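Student: I should like to learn how to read a structure of this kind, one feature at a time. May we begin with the model itself?

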Amino acid sequence: MTRRFYVTTPIYYVNGAPHIGHAYTSVAADIVARFRRLAGDQVHFLTGTDEHGQKVEQAATAAGETPQAFTDRISADFRAMADTMQISYDDFIRTTEPRHVSGAQALWEKVAASGDIYLGAYEGWYALRDEAFYGEDELIDGPNGQKLAPTGAPVEWVREPSYFFRLSAYQDRLLELYEKRPEFMGPSGSRNEIMSFVRQGLRDLSISRTSFRWGVPVPNDPEHVMYVWFDALSNYLTALGYPDTNNPLMAFWPADLHLVGKDIARFHTVFWPAFLMAAGIELPSRIFANGWWTVEGEKMSKSLGNVIDPRDLVSEFGVDAVRFFLIREVPFGGDSDLSRRSFIHRLNTELANDLGNLAQRTLSLIARNCNGALPEAGARTEADTHLLAQAELLPSLMEEQVGRCALTDALEETWKIIRACNAYIDHQAPWALKKTDPERMGHVLRVLADALRIIATVLQPWMPESMDRMLTQLGVSESERSFAALGVALPAGRELPAPKGIFPRYTEAEDEKGQ
Ligand code: MSP
């Protein structure tokens, strides 16, 4: 039976332009989505934009636009960024869409029916930048004795009538969830942090505001708009048609994976499951938090002027180089730094040298010495069997790693085989066999072509465009690119197109190093 797999990215705030940090979670989610499709699952991949809240309202005013016109414009830019990054989303939800607004209201009503929403007054600290409430004990001292949120965001004292969600009643159930289902959240550092936060006790959560209008009206009390996080989190359900249980997309619930940044792990692993428990809705299977990017060692900020739009990198280096680097640089889950020098260095060593040269050497030897057609597989030597047996294990090994969100380890696993192929080609020296044993030369090249087919197949989720080109050059048709198709050998004699280099080399990094 085909397995259903539902994966989501966070929905992005439209108060500023998209940058590399936003592209990161989307690329990671895209890799998981593409990988599951290759493995034969029926995938639903959701991304979108989070368009309500005071912060967006203020940004629209500052831009001299109505909130709707402003959000239309920025949301379209996020979608364009996703398209440039080759994010293969099935749906792009905007929280200003009627399907979302009515769904979020239905979820509110369902939670309210549980008795866990009550009207009170909120008095406390609010950090607009984080759209989050903080307790006095969580604040830190900023410059000039000013109080700041633990994230460094400025806080203001807010006092207004508010609906509350009885989060305090969920502490034990949440702790039980984390204990019973250790895979519910990762990586482990983030899990430990969340568990100790919950162990310290939970305060009820203010879930409505009356001091601004740009939000989803609270059912039966339109003076209030929903707190942006109640509104935002519900997108994962409203995009499936919630509350309409007849919507076929509802079969994708519960979500298999919510990918989020570490800064928003708390909202997803504490608030979201508690809202769902209150509503009697099944919980997602897993929430995984990725780390943050700095640029040349510095935090990205408008004031430093170092905010990187991934599209600039894409136009200089191509989309796959950027996708590759984002996931390759640091084990997925940790923080990483984007430095131009290490970026170029990786493209040269790992893409151009290790993988690009291997494909180019193999394919040009076939073009020159085998009439440009896929050679026959011959009797295998021990070296052939050893190499291919290792390569054939890749899909299942990587499936386990991708299942744990170990997206960098999965790449490393492939690179082990690429390096083994390079050692094999050097050792077998097919160029020398041309004179001494042309038949064996063909067999060696076929072993390499078969190994490269596996490598290019499993790397498609990371680098869809260049692996498409590599598979075409290897004579693999569109219908032969899934994991299942790997079980069927390509017929010998299949004509291959003329080989062309796939990964260019860049000189800049080497120059800088030489200085
Ligand atoms: N709108 C909320 C999410 C609601 S999900 C129901 C939000 N939006 S955001 O635009 O501020 O952030 C979206 C994602 O971008 C988060 O996962 C955040 O971690 C990520 N990043 C923002 N800056 C980043 C870096 N510098 N590096 C890596 N990821 C970063 O939060």
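Student: How many salt bridges does a search of the whole structure find?

Tutor: A salt bridge is a side-chain nitrogen of Lys or Arg within 4 Å of a carboxyl oxygen of Asp or Glu. A search of the whole structure finds 38 of them. Please note that this is a predicted model, in which local features need pLDDT of at least 70 and side-chain atom pairs count only at pLDDT 80 or more, while totals for chains, interfaces and linings use all residues. Residues are numbered from 1 along each chain as its sequence is written, and side-chain values use heavy atoms, with hydrogens and water left out.

Student: Which residue forms a salt bridge with D91, and is D91 buried or exposed?

Tutor: The partner of D91 is R99, and the closest N and O atoms are 2.9 Å apart. For the second part, one needs the classes: buried means under 20% relative accessible area, exposed means over 50%, and partly exposed lies in between (1.4 Å probe, protein chains only). D91 has 15% relative accessibility and therefore counts as buried. R99, at 30%, counts as partly exposed.

Student: Where do E316 and R340 lie?

Tutor: These two residues form a salt bridge whose closest N and O atoms are 2.5 Å apart. E316 is in helix α10 (residues 310–317) and R340 in helix α12 (residues 340–369), so this pair joins parts 24 residues apart in sequence. E316 counts as partly exposed at 41% relative accessibility, and R340 counts as partly exposed at 28%.

Student: Which residues are linked in a network of salt bridges?

Tutor: The network links R328, E329, R346, E350, E412 and R419.

Student: How many residues surround the ligand?

Tutor: A residue is near a molecule if one of its heavy atoms lies within 4 Å of it. Here 22 residues surround the ligand, and the closest are I11, D50, G261, D263 and W293. β1 (4–13) gives the most to this shell, with four residues. Among the other elements that each supply at least two residues are α1 (20–38) and β14 (257–261).

Student: How do the residues of the shell around the ligand divide?

Tutor: Ala, Val, Leu, Ile, Met, Phe, Trp, Tyr, Cys and Pro count as nonpolar, Asp, Glu, Lys and Arg as charged, and the others, Gly among them, as polar. By this scheme the shell holds 13 nonpolar, seven polar and two charged residues.

Student: Which atoms of Y13 and W292 lie 3.1 Å from an oxygen atom of the ligand?

Tutor: For Y13 it is a backbone N or O atom, whereas for W292 it is a polar side-chain atom. Taken alone, the ligand exposes 670 Å², and the protein buries 94% of that.

Student: What does the span of helix α15 show?

Tutor: The expected span of a helix is 1.5 Å times one less than its number of residues. Helix α15 (residues 407–428) has 22 residues and should therefore span 32 Å; its end C-alpha atoms are 32 Å apart, which agrees. A429 follows α15 and has a positive phi, near 45°.

Student: Where do E131 and N220 lie?

Tutor: E131 is in the loop between β4 (117–127) and β5 (132–134), and N220 is in the loop between β12 (217–218) and β13 (221–226). E131 has a positive phi of about 45° although it is not a glycine; N220, also not a glycine, has a positive phi of about 65°. E131 is buried, with a relative accessible area of 2%, while N220 counts as exposed at 74%.

Student: Which peptide bond has an omega near 10°?

Tutor: The bond from Y242 to P243 does, and it is cis. P243 lies in the loop between α8 and β14. The bond from W253 to P254 is cis too, with omega near 0°, and P254 lies in the loop between α8 and β14.

Key:
Polar contact = N/O pair within 3.5 Å; in protein donor to acceptor, adjacent residues only side chain to side chain. Areas by Shrake-Rupley, 256 points an atom, 1.4 Å probe, with all protein chains shown as cover.
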